Amino acid sequence: MPNQNGSVRYMIHSTCYQKRHKKTDFSESWSRNWQERESPLDDLKDWVGKGLGFIAAHMSSDHRSSSAFEYSDLAVVDIDHGLSINEFLSHPLAKNAAWAYTSSRHGLMPEDRFRVVFRLPHRIDNPEIYK
């Protein structure tokens with residue numbers, strides 16, 4: 001169950017920045033050294049606003065891997081085409097979102113590219129359901 005004080009748990013990486021370059025620029029170091037964090041959603045929003053990486057789940061290790069999934073208090077949806085951010089913000093579902101933000105590839109393609117963060121009503125600890 002999410003913490004009663006309103007905080008959520010997730011993983012952060014202090015050197016994984018939003019990438020505006022080629023896929024070949026991916027750093028292998030971004031697969032390791034993820035750190036556990038628990039905070040109010042606004043702290044996570046500030047982290048993301050700085051362009052820093054996060055995983056919307058708590059992991060059993062510092063290695064980013066689906067096999068390390070333990071649970072999540074959040075769901076993050078990538079929207080890469082078919083819906084503009086303004087269309088999403090006027091959709092009834094938007095009122096349930098914690099926030100939406102443009103991804104690093106936004107503006108590089110004709111379509112909007114953004115992510116929507118939702119606080120789950122209860123913690124999900126089944127990786128199959130979370131997928």
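Helices (H or I, at least four residues) and strands (E, at least two) are DSSP runs, numbered from the N terminus. By that rule, the chain has three helices and seven strands. Their order from the N terminus is β-β-α-β-β-β-α-β-β-α.

This model is predicted, so local features need pLDDT of at least 70, side-chain atom pairs count only at pLDDT 80 or more, and totals for chains, interfaces and linings use all residues. Residues are numbered from 1 along each chain as its sequence is written, and side-chain values use heavy atoms, with hydrogens and water left out.

**The chain as a whole**

The chain holds 131 residues, and 37% of them are buried. Buried means under 20% relative accessible area, exposed means over 50%, and partly exposed lies in between (1.4 Å probe, protein chains only). The accessible surface of the chain is about 8,100 Å². Carbon and sulfur atoms own 50% of that surface. Such areas come from the Shrake-Rupley method with a 1.4 Å probe; for residues, only the protein chains shown count as cover.

Now take the contacts, meaning heavy atoms within 4.5 Å. Among contacts in the chain with a separation of 6 or more, 69% join residues 24 or more positions apart.

**The core**

A nonpolar core is a set of buried Ala, Val, Leu, Ile, Met, Phe, Trp, Tyr and Cys residues joined through side-chain atoms within 4.5 Å. The largest one here has 14 residues. Leu 41, Leu 44, Val 48, Phe 54, Leu 74, Trp 99 and Tyr 101 touch the most other members. Two or more residues each come from β1 (7–17), α1 (41–49), β3 (52–55) and β6 (99–102). Helix α1 gives the largest share, four residues.

Look at Leu 44. Leaving out residues up to four places away in sequence, Leu 44 touches Tyr 10, Ser 39, Phe 54, Leu 74 and Trp 99.

Ser 39 is in strand β2 (residues 35–40). Ser 39 is buried, because its relative accessibility is 5%. Beyond residues up to four places away in sequence, Ser 39 touches Ser 7, Val 8, Tyr 10 and Leu 44. The side chains of Ser 39 and Tyr 10 also make a polar contact at 2.6 Å. A polar contact is a pair of N or O atoms within 3.5 Å; within protein, one must be able to donate a hydrogen and the other to accept it, and residues adjacent in sequence count only if both atoms are side-chain atoms.

Asp 73 sits in strand β5. Asp 73 counts as buried because its relative accessible area is 0%. Its side chain makes a polar contact of 2.7 Å with the side chain of Arg 123.

The loop between β4 (58–59) and β5 (69–79) holds Arg 64. Arg 64 is partly exposed, because its relative accessible area is 47%. Arg 64 and Trp 34 are 30 residues apart in sequence, yet their C-alpha atoms are 7.2 Å apart.

Ala 68 is also found in the loop between β4 and β5. Ala 68 counts as buried, because its relative accessibility is 4%. Neighbours within four places in sequence aside, Ala 68 is in contact with His 58, Met 59, Ser 60, Ser 61 and His 63. From Ala 68 to Ala 57, eleven residues apart along the chain, the C-alpha separation is 9.7 Å.

**Rings**

Rings of Phe, Tyr and Trp (its six-membered ring) pair if their centres lie within 6.5 Å; planes under 30 degrees apart count as stacked, over 60 as edge-to-face and the rest as tilted. The whole structure has two aromatic pairs.

| Aromatic pair | Type | Centre to centre | Angle between planes |
|---|---|---|---|
| Phe 69 and Tyr 130 | stacked | 5.0 Å | 25° |
| Phe 88 and Phe 114 | tilted | 6.1 Å | 45° |

Phe 69 is buried, because its relative accessible area is 14%. Tyr 130 counts as partly exposed, because its relative accessibility is 26%.

The charged end of Arg 37 sits over the ring of Trp 47, 5.6 Å from its centre. The rule is NZ of Lys or CZ of Arg within 6 Å of the ring centre and within 35 degrees of the ring normal.
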